[in-house]
Amino acid sequence: MPITDPDEISRRAVIRSVDPLTELVTVVDTDPGNNDPDPNKVGVDPDDLFELTFSRVGIDSDLLIGGFVTGLKHQVPGFSAQIQQAFSDLKPGVQIGLVRKRLTSVIALAMSKAKK
C-alpha cells in the first residue's frame, strides 16, 4: 500500500534528494517503491540530518540547491509547481529539517484540497 502520510513522504523525498548530491550522507533504502510506511525502511547517516544545514552536508552552492529542488520534484510527482514555488529562494544555510516541515505542509495542503 502506498504511503499516504505527508510527513513520511516528505522525509523520504528530502533524504533521497540529498543523497546523490553529497558524499557526506549515506542512505539505506529498502523500500524504493514507497510501499511500506515503516520509517525504518529508509535510513540515513548522519542520523541528525534534519538538524543540519545543506552547506554542512556539502550542498553549498546554488547549483547543488537547484539539484536538490529538482530531486524533490522527481520524488514527489504531481507537486512540481508547489515545490518550485515553496523552494525557489532556498539557500545552502537553511536547516534541512525546515525544508522537510515546509514540504510536509505543501503535500498535506494539496492532499486536503484533493479530497474536497
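**Salt bridges in detail**

Tutor: Asp29 has a relative accessible area of 29%, so Asp29 is partly exposed (buried means under 20%, exposed over 50% and partly exposed in between, with a 1.4 Å probe and protein chains only). The model is predicted, so local features need pLDDT of at least 70 and side-chain atom pairs count only at pLDDT 80 or more, while totals for chains, interfaces and linings use all residues. Residues are numbered from 1 along each chain as its sequence is written, and side-chain values use heavy atoms, leaving out hydrogens and water.

Asp29 makes a salt bridge with Arg16, with 2.7 Å between the closest N and O atoms (a side-chain nitrogen of Lys or Arg within 4 Å of a carboxyl oxygen of Asp or Glu). This pair links distant parts of the chain, since Asp29 belongs to strand 1 and Arg16 to helix 1, 13 residues apart (DSSP runs numbered from the N terminus: helices are H or I with at least four residues, strands E with at least two). Arg16 counts as buried at 12% relative accessibility.

Arg12 and Asp31 form another salt bridge, their closest N and O atoms being 2.8 Å apart. Here Arg12 in helix 1 is linked to Asp31 in the loop between strand 1 (26–29) and strand 2 (42–45), 19 residues away. Arg12 is buried, with a relative accessible area of 1%, and Asp31 is buried too, at 7%. Both residues also belong to a network of salt bridges that links Glu8, Arg11, Arg12 and Asp31.
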